[in-house]
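This report describes selected strand, helix and aromatic ring features, with the criteria behind each term.

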Amino acid sequence: MSEPIRVLVTGAAGQIAYSLLYSIGNGSVFGKDQPIILVLLDITPMMGVLDGVLMELQDCALPLLKDVIATDKEEVAFKDLDVAILVGSMPRREGMERKDLLKANVKIFKSQGAALDKYAKKSVKVIVVGNPANTNCLTASKSAPSIPKENFSCLTRLDHNRAKAQTVQQRGAAVIKARKLSSAMSAAKAICDHVRDIWFGTPEGEFVSMGVISDGNSYGVPDDLLYSFPVVIKNKTWKFVEGLPVNDFSREKMDLTAKELTEEKETAFEFLSSA
């Protein structure tokens with residue numbers, strides 16, 4: 001058995017985490033011979049629920065889980081991390097302006113980025129799930145200047161997986177309409193896929209979709225924007241897959257996305273500098 005790795009999941013009392021934690025603990029993500037210390041972070045009002053999650057993980061009797069730590073304190077949660085899966089974020093509530101949502105999330109991810117910078121290993125891999133994931137990821141990265149920006153990625157794998165099953169832009173809305181809750185099982189599966197590919201690399205001849213920092217040289221995406229790209233991963237390092245054909249329809253959608261993300265980034269950075 002190798003040394004345990006420390007893996008953080010934030011928003012750990014929420015429904016996505018509830019679908020995710022068992023897969024992490026049973027070896028499906030980091031391998032069947034990799035012991036894990038699982039750290040669960042949530043806000044103070046959710047600690048009662050989190051205690052229930054902790055009990056269930058204990059009752060699963062997973063041999064790879066060497067310890068499970070439930071906390072509402074960032075200095076505990078972010079210490080010596082190998083992997084941080086940032087699921088928790090402020091959800092958009094009825095009547096909430098997008099600007100208000102951004103402001104709330106900048107506060108969360110600035111704080112978590114600073115905690116990563118102060119307490120986590122410099123080699124930590126950070127995966128942001130909480131929406132707006134691209135901008136939240138960029139905020140966290142900018143707030144953790146001592147950690148390589150290439151170590152930060154955000155989840156676009158759910159859309160990638162949906163496209164492999166059927167290309168449906170409104171799929172998330174359809175799930176909410178049917179379940180009265182947002183996608184959790186498929187989101188957790190996408191997180192597992194994303195993290196496993198970072199850890200073990202992508203299969204030979206395959207690429208995946210991942211939100212990573214743009215260098216300004218790929219697919220016409222502006223520099224320093226957190227954007228979904230086709231990537232291959234080897235030795236825990238991603239590289240852009242260049243030269244994939246882009247038709248006019250896709251180009252239009254890509255440019256629109258870049259414009260929206262640029263505007264979001266500018267608004268977020270205003271909050272970041274004034275926070």
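Gly211 stands opposite Ser228 in strand β8, and six bridges join strand β7 to β8, the two running antiparallel; strands pair if DSSP finds at least two bridges between them. Helices (H or I, at least four residues) and strands (E, at least two) are DSSP runs, numbered from the N terminus. The model is predicted, so that local features need pLDDT of at least 70 and side-chain atom pairs count only at pLDDT 80 or more, while totals for chains, interfaces and linings use all residues. Residues are numbered from 1 along each chain as its sequence is written, and side-chain values use heavy atoms, with hydrogens and water left out.

| Element | Residues |
|---|---|
| Strand β7 | 208-213 |
| Strand β8 | 226-234 |
| Helix α8 | 185-200 |

Six of the six residues of β7 are buried (under 20% relative accessible area, with exposed over 50% and partly exposed in between; 1.4 Å probe, protein chains only), so this strand is largely enclosed by the rest of the structure.

Rings of Phe, Tyr and Trp (its six-membered ring) pair if their centres lie within 6.5 Å, and planes under 30 degrees apart count as stacked, over 60 as edge-to-face and the rest as tilted. By this rule the count comes to four aromatic pairs. The rings of Tyr227 and Phe229 have centres 5.5 Å apart and planes at 55 degrees, so this pair is tilted; both residues are buried. Ring pairs link Tyr227, Phe229, Trp238 and Phe240 into a cluster.

In helix α8, the buried residues include Ile198 and Trp199, and just after α8, Gly201 takes a positive phi of about 90 degrees.

Conventions
The expected span of a helix is 1.5 Å times one less than its number of residues.
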